[in-house]
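Biologist: I have a model on my screen and would like to learn how to read it. Where do we begin?

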Amino acid sequence: MTVSTKDIIENLETADKEKVVYFVNLLLEQKKYQSLKKELNERREQIKQGDSLSHNDFWKDVNV
């Protein structure tokens with residue numbers, strides 16, 4: 001049985017979750033991740049404005 005990283009993080013204590021967030025933010029500040037950070041911020045803004053597909057909409061669009 002495999003456990004995903006997300007599952008592990010969700011089960012951490014709050015202080016430990018904050019440490020993980022801190023280190024991820026340090027990584028995102030590196031130059032090589034700046035384009036990813038920019039893309040994530042743009043996508044968050046699109047989601048706030050309601051510009052996103054639901055899970056069902058996605059599968060309808062791909063016609064699988």
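**Reading the salt bridges**

Modeller: Begin with E29, which is partly exposed at a relative accessible area of 49%. Bear in mind that this is a predicted model.

Biologist: Which residue forms a salt bridge with E29?

Modeller: First the general idea. Side chains of opposite charge can pair when their charged atoms come close. Here the partner of E29 is K37, and their closest N and O atoms are 2.5 Å apart.

Biologist: Is K37 buried, exposed or partly exposed?

Modeller: K37 counts as partly exposed, because its relative accessibility is 25%. Buried would require under 20%.

Biologist: How many salt bridges does a search of the whole structure find?

Modeller: The search finds two. The other pair to look at is K19 and D16, whose side chains meet with N to O at 3.5 Å.

Biologist: Where do K19 and D16 lie?

Modeller: An α-helix has 3.6 residues a turn, so residues three or four places apart point the same way. K19 and D16 are both in helix 2, which covers residues 14–28. They sit three residues apart, about one turn of the helix.

Biologist: And what is the relative accessible area of each, K19 and D16?

Modeller: K19 has 49%, so it is partly exposed. D16 has 29%, so it is partly exposed as well.

Biologist: Let us step back to the fold. How many helices and strands does the chain have?

Modeller: Four helices and zero strands. Read from the N terminus, the order is α-α-α-α.

Biologist: How does the radius of gyration of the chain read against a compact globule?

Modeller: A compact globule of 64 residues would come out near 11 Å. This chain has 16 Å. Along the principal axes, its C-alpha atoms fill a box of roughly 40 × 35 × 20 Å.

Biologist: What share of the residues is buried?

Modeller: Buried residues are 2% of the 64 in the chain. The exposed surface comes to about 6200 Å², with 55% of it supplied by carbon and sulfur atoms.

Biologist: Now helix 4. How many of its residues are buried?

Modeller: The count is zero among the eight residues, 55–62. Helix 4 is hardly covered. After it comes N63, with a positive phi near 50°.

Biologist: Which residues form the nonpolar patch on the surface?

Modeller: L53, F58, W59 and V62. Together they have about 380 Å² of accessible area. W59 lies in helix 4. With a relative accessibility of 43%, W59 counts as partly exposed.

Biologist: One last residue. Where does S35 lie?

Modeller: S35 is in helix 3, residues 34–48. S35 is exposed, because its relative accessible area is 55% and exposed means over 50%.

Biologist: How far is S35 from S4, in sequence and in space?

Modeller: They are 31 residues apart in sequence. From C-alpha to C-alpha, the distance in space is 26 Å.

Note on methods: Residues numbered from 1 in each chain as written. Predicted model: local features only at pLDDT ≥ 70, side-chain atom pairs only at ≥ 80, totals over all residues. Heavy atoms only, no water. Helix = DSSP H or I, 4+ residues; strand = E, 2+ residues; numbered from the N terminus. Rg over C-alpha atoms; globule rule 2.2 N^0.38 Å. Buried < 20%, exposed > 50% of the residue type's maximum accessible area, 1.4 Å probe, protein only. Areas by Shrake-Rupley, 256 points an atom, 1.4 Å probe, with all protein chains shown as cover. Patch = residues over 30% accessible without salt bridge, like charges linked within 9 Å, V, L, I, M, F, W, Y side chains within 5 Å. Salt bridge = Lys/Arg side-chain N within 4 Å of Asp/Glu carboxyl O.
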